[in-house]
Amino acid sequence: MKQILPPNAKISKEAKETMQECVSEFISFVTAEASDHCHRERRKTVNGDDVCWALSSLGFDDYADPLRRYLHRYRELEGERAAAAAASHGVTAAAGGEEDGGGGGGDESSSSRCGLNVSGGQSTYFHVI
């Protein structure tokens, strides 16, 4: 919050807490929409493409488009890192193995996947490796 304000500006603790509550509510709102979308498609993991879809579906296209571009660059970099790691260990990377275009199941521990497990009504974040 301070980056956008002049250097001498101060932000009250109440303002910071209010902003945090708003951001948390926004994240919950978008995540719920993405989770519902996955549930309708009979999938258990919310991925980045689902979050982008939810943002667009809820009318937040101004956020969805930059997030799609960021997600694409992130996946490219992760693919390059995986290829470099494989090369340093003498392993050849399989073509097209990690990305499935945001579709169904697959290995949730893949470095290009991070998401939210929505099975059984419980929400559990899993760690990106």
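Phe-60 is partly exposed, with a relative accessible area of 25%; here buried means under 20% relative accessible area, exposed over 50% and partly exposed in between, with a 1.4 Å probe and protein chains only. The model is predicted, so local features need pLDDT of at least 70 and side-chain atom pairs count only at pLDDT 80 or more, while totals for chains, interfaces and linings use all residues. Residues are numbered from 1 along each chain as its sequence is written, and side-chain values use heavy atoms, with hydrogens and water left out.

The ring of Phe-60 belongs to one of 3 aromatic pairs. Rings of Phe, Tyr and Trp (its six-membered ring) pair if their centres lie within 6.5 Å; planes under 30 degrees apart are stacked, those over 60 edge-to-face, and the rest tilted. Phe-26 and Phe-60 pair edge-to-face, at 5.0 Å centre to centre and 90 degrees between the planes. Helices (H or I, at least four residues) and strands (E, at least two) are DSSP runs, numbered from the N terminus. Phe-26 is partly exposed as well, at 31% relative accessibility. Ring pairs also bring in Tyr-63, which forms a cluster with Phe-26 and Phe-60.

H1 provides the largest share of the patch, 4 residues. Ile-27 is in helix H1 and is partly exposed at 44%.

The largest nonpolar core has 7 residues: Val-30, Ala-34, Cys-38, Val-46, Ala-54, Leu-55 and Ala-64. A nonpolar core is a set of buried Ala, Val, Leu, Ile, Met, Phe, Trp, Tyr and Cys residues joined through side-chain atoms within 4.5 Å. H1 and H2 each supply at least two of the core residues, and H1 gives the most, with 3. Cys-38 is buried at 0% relative accessibility, and Cys-52 is buried at 1%. The structure holds 0 disulfides (pairs of cysteine sulfur atoms within 2.5 Å).

Turning to charged side chains, the whole structure has 5 salt bridges, each a side-chain nitrogen of Lys or Arg within 4 Å of a carboxyl oxygen of Asp or Glu. Arg-43 bridges to Glu-41 at 3.0 Å and to Asp-50 at 2.6 Å, N to O, and Glu-41, Arg-43 and Asp-50 are linked in a network. Arg-43 and Asp-50 are buried, whereas Glu-41 is partly exposed at 43%. Another salt bridge joins Arg-81 and Glu-78 at 2.8 Å. Both residues lie in helix H3, 3 residues apart, about one turn of the helix; Arg-81 is exposed at 55%, but Glu-78 is buried at 9%.

Arg-42 sits in the loop between helix H1 (13–40) and strand E1 (45–46). Its phi is positive, about 60 degrees, although Arg-42 is not a glycine. Most residues other than glycine have a negative phi. Arg-42 is exposed, with a relative accessible area of 77%.
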